[in-house]
Amino acid sequence: MPDTPLTPASEPRPAARTVHAVGETSQGGSTAAASSGDARPIAAEPAAPGCKKTDPIVVADDITRSFGGNIAVDVEHVEIPRGVITALIGPNGAGKTTLFNLLSGFDKPNTGRWSFDGTRLSGIPSFKVSRLGQVRTFQLTKSLAMLSVLENMKLGAKGQRGEHFWSALWPPAWKRQDAEIEAKAMGLLEKFLLDKKKADYAAALSGGQRKLLEMARALMSDPQFVMLDEPMAGVNPALTQSLLGHIVKLKDEGMTVLFVEHDMHMVQAIADWVIVMAEGRIVAEGEPSVVMQDPAVIDAYLGSNKDRDLGEVVAEIRAGHRETDGSQGEATTASAARPAPRTTGSSQDGMTTASAARPAGTTEEDPR
Ligand SMILES: Nc1ncnc2c1ncn2[C@@H]1O[C@H](COP(=O)(O)OP(=O)(O)O)[C@@H](O)[C@H]1O
Ligand SMILES: [Mg+2]
């Protein structure tokens, strides 16, 4: 792997933002700061890549994953704080989705070990991970197109008696539970403004609606830890506000959230903690307001575009870099801003590059 052009935050800073005790309700939104004596800082040591947290829900060590010669993830140590909203940001190709896939059991790393809520997860398949209370959504949605919206939702419930062969043949064994599951599904669909679509095939939904369906379905299993890969991408701007509200609510209900997002406004609005990846590594961590001031992060993602959508900025940086390829250009910014010079040319890379070019919240999802 080439040397990363982004340097880790060189001067560790104290991590002042705080986490609420389990079950305690935050004061809303990003300012989940301490209002009572119970509040503890998120980090147990100065904020820096891989810093220890006071109460981590996920702890991962030496995670690597390569595709051919391309090292997609190379994370020495990372801890995800419990009970708060953590944003995972970084240029396209940084390894965010691959890290999601590894932590949730959808892919296997070349090396590494990690635990969720104290349980070692290495080698545990995704369906078991989700039973343990860790669920995720996909950057490219994975709803079952030829099932109805309601059926998709009902599949998300755990411990369904009717799924066993013999009891499936005897409706009294599962009818009541099925009705409860349906009521729960309808409640969530209402929250996500999908209740009127309950009988439609999932295939008939827009990309944004499929994102909402996937998030709602993830909640059917009453998870502890929700991982959302670009939940806002492709969602109609009119719905993004309520989606942000839903994510904050998850925290208020005691869940831990890790989400990937390109739009810095959204990150600033709801994240309590930010982890920055570039070229497979974690290059910065901290409170949103502090991380956004980190010179490495600013150079790489924001530059003078602090108030613009990160996806647009990254796409421009990439395009500019291609034009001036080989030259150093404006030394510091150009070198720091060179996001992940990947050479695989895989379709996934093409996809993520394309997604970088769109302003968040406006484009439809790949119909895969
Ligand atoms: N299945 C795959 N096969 C080959 N390369 C992959 C695959 N998945 C991811 N990659 C590569 O790994 C790198 C990280 O990709 P990804 O995790 O999707 O980044 P991000 O989500 O941060 O945009 C990219 O260079 C991408 O092309
Ligand atoms: Mg991704």
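This is a predicted model: local features need pLDDT of at least 70, side-chain atom pairs count only at pLDDT 80 or more; totals for chains, interfaces and linings use all residues.
The protein chain holds 13 helices and 12 strands. Of its 368 residues, 45% count as buried.

**Helix α7**

- Helix α7 runs over residues 237–252, and at 1.5 Å a residue its 16 residues should span 22 Å; the C-alpha atoms at its ends are 23 Å apart, which agrees.
- Thr-240, Leu-243, Ile-247, Leu-250 and Lys-251 are the buried residues to look for in α7.
- What do the buried residues of α7 pack against? Their partners are two kinds of element: the strands β5 (85–89), β9 (225–229) and β10 (256–260), and the helix α8 (264–270).

- After α7 comes Gly-254, which has a positive phi, near 100°.
- Gly-254 sits in the loop between α7 and β10.
- Is Gly-254 buried or partly exposed? It counts as partly exposed because it has 15 C-beta neighbours inside 10 Å, while a buried residue needs 20 or more.
- Gly-254 and Gly-83 are 171 residues apart along the chain, yet 5.8 Å separates their C-alpha atoms.

- Strand β11 covers residues 273–278, and six of its six residues are buried.
- Trp-273, Ile-275 and Met-277 point one way from β11, while Val-274, Val-276 and Ala-278 point the other way; all are buried.
- β5 and β11 run parallel and are joined by four bridges. Leu-88 has Ile-275 in β11 as its bridge partner.
- β11 and β12 (residues 281–286) run antiparallel, with five bridges between them.
- Two of the facing pairs can be picked out by name: Met-277 stands opposite Ile-282 in β12, and Ala-278 has Arg-281 as its bridge partner.
- β11 and β12 form a hairpin with two residues between the strands, where Glu-279 takes a positive phi near 50°.
- β12 is mostly covered too, with six of its six residues buried.

**The open sheet of four strands**

- A sheet of four strands is open and has the order β4-β3-β6-β7, with antiparallel pairing.
- Which strands stand at the edges of the sheet? They are β4 (70–81) and β7 (119–120); each has a single partner strand, so one side of each is left without a neighbour in the sheet.
- Further in, β3 (residues 56–67) and β6 (residues 111–116) run antiparallel and are joined by five bridges.
- For Val-59, the bridge partner in β6 is Ser-115.
- In general, strands of a sheet pair through backbone hydrogen bonds, either parallel or antiparallel.

**Ala-296 in helix α10**

- Ala-296 belongs to helix α10, which spans residues 295–302.
- Ala-296 counts as buried because it has 20 C-beta neighbours inside 10 Å.
- The C-alpha atoms of Ala-296 and Ala-284 are separated by 8.1 Å, and the two residues lie 12 residues apart along the chain.

**Contacts and confidence across the chain**

- Among the contacts in the protein chain with a separation of 6 or more, 71% are accounted for by residues 24 or more positions apart.
- The mean pLDDT of the protein chain is 74, and 66% of the residues reach 70 or more.
- Over residues 1–37 pLDDT stays under 50, and the model has 91 contacts beyond four places in sequence for this stretch.
- Over residues 324–368 the pLDDT is below 50 as well, and this stretch has 82 contacts in the model beyond near neighbours in sequence.

Technical notes. Residues are numbered from 1 along each chain as its sequence is written. Chains are lettered from A and ligands numbered from 1 in the order in which they are written. The expected span of a helix is 1.5 Å times one less than its number of residues. A residue is buried if 20 or more other C-beta atoms lie within 10 Å of its own, exposed if 12 or fewer, and partly exposed in between; C-beta atoms are placed from the backbone. Two residues are in contact if their C-beta atoms, placed from the backbone, lie within 7 Å. Two strands pair if DSSP finds at least two bridges between them. pLDDT is the predictor's confidence in each residue, from 0 to 100.
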